[in-house]
Amino acid sequence: MSPVELVAEDGMIAPGAAPGALDIRGLTVSYGERPAVFSVDASFAEGAMTAIVGPNGAGKSTLLKAVLGIVKPLSGAVSVFGKPFAATRSRVAYVPQRASVDWDFPTRVIDVVLMGLYRELGLLSRLRASDKARAEKCLERVGMSDFAGRQIGQLSGGQQQRVFLARALAQGADLYLLDEPFAGVDAATEKAIIDVLKSLKAQGKTVIAVHHDLSTVAEYFDEIFMINVRKMAHGPVREAFTAESLQNTYGGRLAATQIDQLTLSAG
Amino acid sequence: MLLDALTLQLGYNATLVAVGATLLGISAGVTGTFLFLRKRALVSDAISHATLPGVGLAFIVMVLLGGDGRSLPGLMLGSALSAWVGLLAVQWLTERTRLAEDAAIGSVLSVFFGFGIVLLTVIQNMSSGRQAGLEGFLLGSTAGMLFSEAAIIAAGGALSLALVLLLRRPMTMVAFDPGFSASAGIDLRRIDLAMMGLVLAVTVVGLKIVGLILIVALLIIPPVTARFWTNRTDGVVALSGLIGGVSGYVGAAISASAPALPTGPIIVLVAFALFALSLLGSPQRGVLAAWTRHRAFQRRVHLRQGLLALASGQPIYEKLTLRLLQRADLVRPDGVATEAGQARAEKALLDETRWDVLRRSASLEGTAAFYDGLTRIEDVVTPDQLDEIDAAIAAGAEASS
C-alpha cells in the first residue's frame with residue numbers, strides 16, 4: 001500500500017509516481033460518524049477494465065461518488081490523469097444507478113442523451129444539428145436509435161440503462177465510471193452494454209464499473225477491485241479474485257461452495 | 001360585464017390589475033415548473049409565509065425613519081429579506097440537523113407566520129398604523145393599485161422570467177439527475193439557491209396581487225396542470241407559463257366584473273378549474289382515460305380467460321366473463337359456446353400450446369419474456385418462426401399418438 005505521504009498538498013500525485021487514469025490516496029468518506037469508505041488507496045491504470053465488487057453497503061457507490069465530487073470526502077485525495085478531478089472533469093463520464101432518478105420526468109430519450117453535452121453547451125448556446133447527430137450516434141451505439149423521441153417513462157429497465165450509457169458516451173470521455181450498469185437488465189441489454197464497454201477498452205479508454213454479479217466478473221473484466229469499507233484486494237482478475245479475498249470481502253455471506261465455483265470459473 | 005372586463009374596458013385600475021396579474025401568472029408558472037420538477041414545491045410555502053415578518057418590520061422601520069410605511073418597494077424589500085432568512089433556515093435545518101425537509105418547512109412556515117401576525121397586530125395599535133392595510137398582503141388587495149406598483153410587479157415578473165429562461169438547462173438537469181449534474185460540474189447548491197431565489201422573487205412580486213397565502217397555488221397548479229398535456233420539459237415550461245398567464249388574466253377580469261370579488265382567490269380558482277379539466281380530460285394521464293384503459297384491459301383479460309375455459313370445457317362462474325362472451329356472440333345464453341366461440345376458443349388454446357413450445361425452444365428463449373397471457377404470439381415472432389413452432393407441435397402430436 002502506498003503511503004499517504006506521496007500526495008502533495010494540492011491533491012496532485014507527487015513526482016516519481018506515474019499517474020494512472022484514476023489515483024486515490026487515503027480516501028475516507030463518512031455519512032454521519034460511520035465511515036462508508038475508509039482509508040482507501042488505489043491506482044487504476046489507463047486502458048484497464050475494472051470491476052468494483054463488494055457486499056451491499058460496502059461503499060462501492062460511495063467510492064465513485066467521492067471520486068466524482070458528488071459526496072465530500074472526510075480525508076484523502078483523488079486525481080484523474082494526474083490532475084485534480086475539477087481540472088479533468090471533461091475527461092470523465094458517469095453512469096449513475098438507474099434507480100436514482102424519477103423516470104416519469106417529462107423528457108425524451110434524446111434530451112437525456114443531450115445532457116451529456118452540457119459541458120460543451122453551457123447555459124445558452126443553441127443545440128446545433130451536429131450536437132443532435134452526435135447524440136443520435138450514441139443512441140445507435142447502444143441500439144436505441146428507434147427510441148430517440150420516446151418519453152423516458154415508456155422504456156423498460158434495460159432500455160433506461162442503455163439511455164444512461166448513451167448519455168455517458170455523449171460526454172466523449174477517457175475514463176468511464178459506471179454504477180451497477182447491469183443491475184436488473186435483460187439479457188439483450190447486458191450484452192449490448194458489455195459490447196460497448198469492450199469497444200471503449202479497445203479504443204484505449206479506462207472503464208471502472210460497480211458490479212454485483214460475481215459469476216460474470218472473469219468474463220467481462222480484466223481487473224477486480226474488492227472493497228468492504230476498506231480495500232480488500234485489487235489486481236488482475238486471475239490473481240486477485242481468490243477464495244481468500246472473497247472470504248475477506250464477503251465474510252460469512254458467501255458459502256464455501258459458492259466461492260469454489262466462482263474462483264474455478266475465474267481460473 | 002365579464003366581456004368588458006376581458007377586453008380591458010373596465011377602466012384604469014382593472015386594466016392595471018389584469019396586466020399585472022397576467023405577467024405574475026406567467027412568471028410564477030414558469031418558475032414553479034422547476035420547483036415542481038425538483039420535487040420541492042412545498043418549500044415555496046415556507047418562503048411565502050416567511051415574507052410576513054419582513055413586511056411588518058419594513059413598515060415599522062419606514063415609519064420610524066419618518067417616511068410612509070406603505071411604500072411598496074420598501075415592503076417588498078423587507079419581505080424579500082425575511083423570506084431569504086426563512087429559506088436559509090429551511091436549508092440549514094435540512095442539511096445540518098436530523099430534521100427532514102417537511103418538518104423543517106413546517107417549523108419555519110409557522111414560526112415566521114406567527115411572528116408576522118404579532119407584528120401586524122402591534123402595527124394596528126400604532127397611531128400611524130391604523131390605515132396601514134398590511135393585512136392585504138395575506139390574500140392580496142388590488143383595489144386602488146397605483147401605476148408605479150403595477151410597473152414594479154411587471155418589471156419584477158419579467159426579470160425573474162428572464163433569469164429562469166437563462167438557467168433552465170442546469171435547472172432541468174439538476175431536477176432530473178442531481179448526481180450526474182454534480183459530476184458534470186454543476187454546483188447543486190448554487191443552482192438550488194438560484195431556483196429558490198427566483199421563487200422568492202416571484203413570491204414577493206405576487207404579494208400585492210394574490211397575497212402570501214395563495215401565491216403557492218400560482219407556483220404549483222400551472223406546472224402540475226401542464227404536465228397532464230406534455231411529456232417534454234420545454235413543453236411543461238411553456239404550457240405552465242401560458243396557464244399561469246391565462247389564470248391571472250381571466251381571474252383579474254372576473255373579479256373586476258363584479259363588486260366584492262377578491263382578485264387573488266379568483267385567480268387561484270381559475271387556475272384550479274384548468275387543473276380540474278386537465279385531471280379529468282387529459283388523454284394520456286387523465287383520470288377518465290386511465291379508467292377507460294383499465295376497463296378495456298379488464299375486458300380483454302376476462303374474454304381471454306373465458307375463451308380458455310371454454311376450450312378446456314370448464315364451467316364459467318364469473319358473471320362479467322359470461323356477459324362479455326354473450327355480448328360478443330361467443331356463448332349462448334345457456335352457457336354453451338356458439339360456433340364462433342368454439343373457433344375462438346380453439347385458437348386461444350392453440351396459442352397457449354405455441355407459447356409452451358416457444359418457451360422450451362433454445363433459439364426463442366428471449367422471446368418467451370413477452371408472455372403475459374394477452375400478447376399475441378403473432379406479434380412477437382416472425383411467420384417463419386411460427387411455422388417452426390407449428391411444425392414442432394405437429395411432430396409432438398405424432399410422437400404421442
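User: What do buried, exposed and partly exposed mean here?
Analyst: Buried stands for under 20% relative accessible area, exposed for over 50%, and partly exposed for values in between, computed with a 1.4 Å probe and protein chains only.

User: And what kind of model is this?
Analyst: It is a predicted model, in which local features need pLDDT of at least 70 and side-chain atom pairs pLDDT 80 or more, while totals for chains, interfaces and linings use all residues; side-chain values rest on heavy atoms, without hydrogens and water. Residues are numbered from 1 along each chain as its sequence is written, and chains are lettered from A and ligands numbered from 1 in the order in which they are written.

User: How many salt bridges are there over all chains?
Analyst: The count is 27, where a salt bridge is a side-chain nitrogen of Lys or Arg within 4 Å of a carboxyl oxygen of Asp or Glu.

User: Which residue does B:Arg285 form a salt bridge with?
Analyst: The partner is A:Asp104, and the closest N and O atoms are 2.6 Å apart. This pair crosses between chains: B:Arg285 lies in the loop between helix H14 (263–281) and helix H15 (287–311) of chain B, and A:Asp104 in the loop between strand S6 (92–95) and helix H3 (109–114) of chain A. Helices (H or I, at least four residues) and strands (E, at least two) are DSSP runs numbered from the N terminus.

User: What about A:Asp131 and A:Arg128?
Analyst: Their side chains meet in a salt bridge of 3.2 Å, N to O. A:Asp131 is buried, with a relative accessible area of 4%, whereas A:Arg128 is exposed, at 54%.

User: Where do B:Asp356 and B:Arg359 lie?
Analyst: Both belong to helix H17 (residues 339–360) of chain B and stand 3 residues apart, about one turn of the helix. B:Asp356 is partly exposed at 36% relative accessibility, and B:Arg359 is partly exposed at 38%.

User: Which residues are linked in a network of salt bridges?
Analyst: The network links B:Arg304, B:Lys347, B:Asp351, B:Arg354, B:Glu378 and B:Asp390.

User: Changing topic: at what angle do helix H5 and helix H6 of chain A pack?
Analyst: Helix H5 (residues 129–141) and helix H6 (residues 157–170) of chain A pack at about 130 degrees, with their axes 8 Å apart. Axes are lines fitted to C-alpha atoms, for helices over the stretch in contact, and angles run from 0 to 180 degrees between N-to-C directions. H5(A) and H6(A) are therefore oblique to each other; angles under 35 degrees count as roughly parallel, over 145 as roughly antiparallel, 65 to 115 as roughly perpendicular and the rest as oblique.

User: And H13(B) with H14(B)? What is the angle there?
Analyst: Helix H13 (residues 233–257) of chain B and H14(B) pack at an angle of about 130 degrees, with their axes 8 Å apart. H13(B) is thus oblique to H14(B).

User: One more: what is phi of A:Ser39?
Analyst: Phi of A:Ser39 is near 45 degrees, a positive value in a residue other than glycine. Most residues other than glycine have a negative phi. A:Ser39 sits in strand S2 (residues 34–44) of chain A and is partly exposed at 22% relative accessibility.

User: Where is A:Val229?
Analyst: A:Val229 is in the loop between strand S9 (223–228) and strand S10 (230–236) of chain A. Although not a glycine, A:Val229 has a positive phi of about 70 degrees, and its relative accessible area of 21% makes it partly exposed.
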